[in-house]
Amino acid sequence: MLASYLARRLAQLAVVLFLVSVAVFSIMHALPGDPVQLMLSGAESGSVTPERQEQLREEMGLNDPLPVQYGRFLRGAVTADLGTSVRLRQPVLDLILDRLGSTLALSLGGILFAVAIGVTTGVLAALKRGSWIDGFSRILAYAGVSMPLFWLGLLLILVFSFWLPWFPPAGSEGLRSLVLPSLSLGLVSAGVIARLTRASLLEVLVEDYIRAAWAKGLPKRIVYLRHALRNALLPVLTMLGLQFGAMLAGAVVTETVFSRPGLGRLVVSAILWKDYPLVQGIVLFMATTYVVVNLLVDLLATRLDPRIRDGAPA
Amino acid sequence: MTTAGMTVRGLTVRGRTLSPGFIAGVSILTAWVLLAIFAPLGAPHDPLATISGAREAPSPEFWFGTDRLGRDVFSRVVYGARVSLVLGFISVAIGAALGSALGLVSGYYRGAVDTVLMRMIDAMLAFPGILLALVVIAALGPSITNVMIAVGVSTIPRYARLVRSSVLTIREHDYIDAARLVGVPDVKIMLRHVLPNTAIPLLVLSTLEFGQAISIGAGLSFLGLGAQPPTPEWGLMVAVGRDVLGRAWWISTFPGLAIFTVVMATNLLGDSLQEMLDPRLRSR
C-alpha cells in the first residue's frame, strides 16, 4: 500500500518538475527581449559588432528552434549540467554548490527559530487561551505576514548590532553572524506556526484519547506533552515544508540585507548581470529543492501519523 | 451548508457591528490613499529636491529627517505612496484577471482542460515565494513596470485555484443547467452567471494580495530589480538607507514603516471581510 502511494507521489513529482523546467525555460525564452542584446548591454557594452553578437548567438545555440534548445536544456539538467555562467565563466552547478552550504545553514537556522518561537508561543497560547500570550501569538502572526522581510532584517541590525553591539551586522563568519539573518527569517514564519500549533492543539485536546488519558489519571505534563502535543504537531510538520520554501525565497532578500554570500544573492546578481544560464539554473535548482523537501516532509508526516501508518494511506 | 455567503445578500453587514480590525484597516488605507492622491498638499517639500544638509535627524521641520542627498524623507514617503498603491492595484488586476479566467475555464469545463490547466498551476506553485516573480523580471529586465507585471503573474495560481474551487460548486446549480438548456452560450454563462458568484472570495483574496503585492514589489525594488533612483519608492529608499543605517537610522526606518502599515491594514481588512462575508473561509 505504502509502496504504491510512494510510486504515485514520485510520478507526480516527476510531472511537476518537468513542467517547472518548461515554465522556467519558456518564460526566459518566449518573453520579449533578446538575451544576447540584454547580456551584451551589461557585459561588453558599446563595442559589440553584429558579427560578435551573431557569434555569441551561435555559441549559445540560440539560433536553433526552441524545442531543440529546450531538449538540450533538459538533457543537461537531468545529467547535472546546468550550463556555464556567461559572466563568471564557470559551470552553473559549481557556482550553486559553492554557495549552497551558506544558504542551507541560513534556512535551517530560520526553521529552528521559527519552530522554537512558534511552537512555544502556540502551546502557551492554547493552554492559556485569552491570556496575554494568546494575544501575543495573534500579534506575532499579524506582524509576521505584514512586515517586509528586508525591513525586519534592518531593524534587527539596528537594535542588535548598532545599539546593542551583540551580533555582527553583516558577513558570514562563524555562528554569530548567522543569528540575526536566521532570526529575521524565523520571526516571519513563527507567527504562522504559532497560530497553527494553537489551533491544532485545541482540536486535539477535546479528542477521546485525551479524555482517556485524563481518566487514567496521568499527570498533566504527560497528557499535554506526550499525548496531545505529539499529535498536534503533525500539521505543523507539514507546514514546515511550505515554510522551508519561504526560507529559500526569503534568502534572496535576507542575504542581500546581511551581505551574506549565497544562492539568493547570486540569483539577484545574475538577473542584474543578465546572465541567463545562471538565473535559469539557480531558479530550477531552488524550485526542485522546494518540491523535493515538501515531498519528504509529507512522507515523514505519513510515517509519523499512526492513523495513516497503520491504516490505508490517505 | 447553504451558499448564503456567496450570494449578493452577503454583502450587507447583516446588522453586525463592524470589527475593530475592519475599522482600523479601512481608516489606515483611506489615509494612505488620500495622502497619495493629494501628495503635493501633504508633502511639505519637493521629494526630489535637495532642501537641506545631508542626513539631518528628524526634527520639527523635517519630521522623518533628510537623506544622503538632503532630501526630505517625509515628503519622499508621501510621494512613495503613489508608486506603491498603483503597484498594488495593477498587480492585483493582472493576477485577478488572468487567474480568474484560468480558474473559470478550468472549473467550468473540467475534464482534460482542467487537468492540463491545473498541472500548469501546480508547476507555478512549485516556485517558492518571490521566485516566480524573479524569473519574470529576469526575462523582462528590471523596472517598476516589470515588477507590477511580475508580481501580478506570480499571484495567478492562487486566484486560479480559488475561482476554480468556487466554480466547481456553482456549476452544479440548477440555474446553470437552465441557462444551458435555453441555449445561452458558455462564455455568457461563465461571465453572467458563474463569475458574479465568485465575487466574495475574490474580493477577500484581492484585498490580502494587495498588501502582499506592495510588500513583494518593495522587496524587488529593495534588491535593485524595480524602481530606479531617484524615484521616491519605499523599497528603494530602504535600500539606499541601508548603507548608512548606523549613522542615520531614519532613512530606512520610515519608508519601511510605511510599507508595514499599508500591508498590516490590508491584512486586517482582508481578514475582517472574510469573517463578515464568508465565515466558511475563516480557517484559511
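1. α6(A) passes α8(A) in a left-handed crossing (near helix turned anticlockwise from the far one by less than a right angle; clockwise is right-handed). Helices here are DSSP runs of H or I with at least four residues, strands are E runs of at least two, and both are numbered from the N terminus.

2. A word on provenance: this is a predicted model, in which local features need pLDDT of at least 70, side-chain atom pairs count only at pLDDT 80 or more, and totals for chains, interfaces and linings use all residues. Residues are numbered from 1 along each chain as its sequence is written, while chains are lettered from A and ligands numbered from 1 in the order in which they are written.

3. Back to that pair in chain A. The axes of α6 (residues 132–146) and α8 (residues 176–204) come within 7 Å and cross at roughly 135 degrees (lines fitted to C-alpha atoms over the stretch in contact, angles from 0 to 180 degrees between N-to-C directions). On the α6(A) side the contact includes S137(A), L140(A) and Y142(A), and on the α8(A) side L187(A), R195(A) and R198(A) are among the residues involved (C-beta atoms, placed from the backbone, within 7 Å). By type, the residues of this contact divide into ten nonpolar, four polar and two charged (Ala, Val, Leu, Ile, Met, Phe, Trp, Tyr, Cys and Pro are nonpolar, Asp, Glu, Lys and Arg charged, the others, Gly among them, polar).

4. After α9(A) comes G217(A), with a positive phi near 80 degrees.

5. Chain B has twelve helices and zero strands. Its C-alpha atoms fill a box of roughly 75 × 50 × 30 Å along the principal axes. Of its 284 residues, 51% count as buried. Among chain B contacts with a separation of 6 or more, 70% come from residues 24 or more positions apart.

6. Do look at α7(B), residues 156–170. With 15 residues at 1.5 Å each, this helix should span 21 Å, and its end C-alpha atoms are 21 Å apart, which agrees (the expected span being 1.5 Å times one less than the number of residues). Twelve of the 15 are buried, so α7(B) is mostly covered; Y159(B), V163(B) and I170(B) are among the buried ones. These buried residues pack against α3, α4, α6, α8, α9 and α10 of chain B.

7. α3(B) and α10(B) pack at about 130 degrees, with axes 8 Å apart, and are therefore oblique to each other. Their crossing is right-handed. Members of the contact include G88(B), V92(B) and G95(B) from α3(B), and F210(B), A213(B) and G217(B) from α10(B). The contact residues divide into eight nonpolar, seven polar and one charged.

8. Finally, the contact between the chains takes 39 residues from chain B and 40 residues from chain A. On the chain B side, α4, α5, α10, α11 and α12 each give two or more residues, and α5(B) gives the most, with eight. That side divides into 27 nonpolar, nine polar and three charged residues.

Notes
A residue is buried if 20 or more other C-beta atoms lie within 10 Å of its own, exposed if 12 or fewer, and partly exposed in between; C-beta atoms are placed from the backbone. Two residues are in contact if their C-beta atoms, placed from the backbone, lie within 7 Å. Angles under 35 degrees count as roughly parallel, over 145 as roughly antiparallel, 65 to 115 as roughly perpendicular and the rest as oblique.
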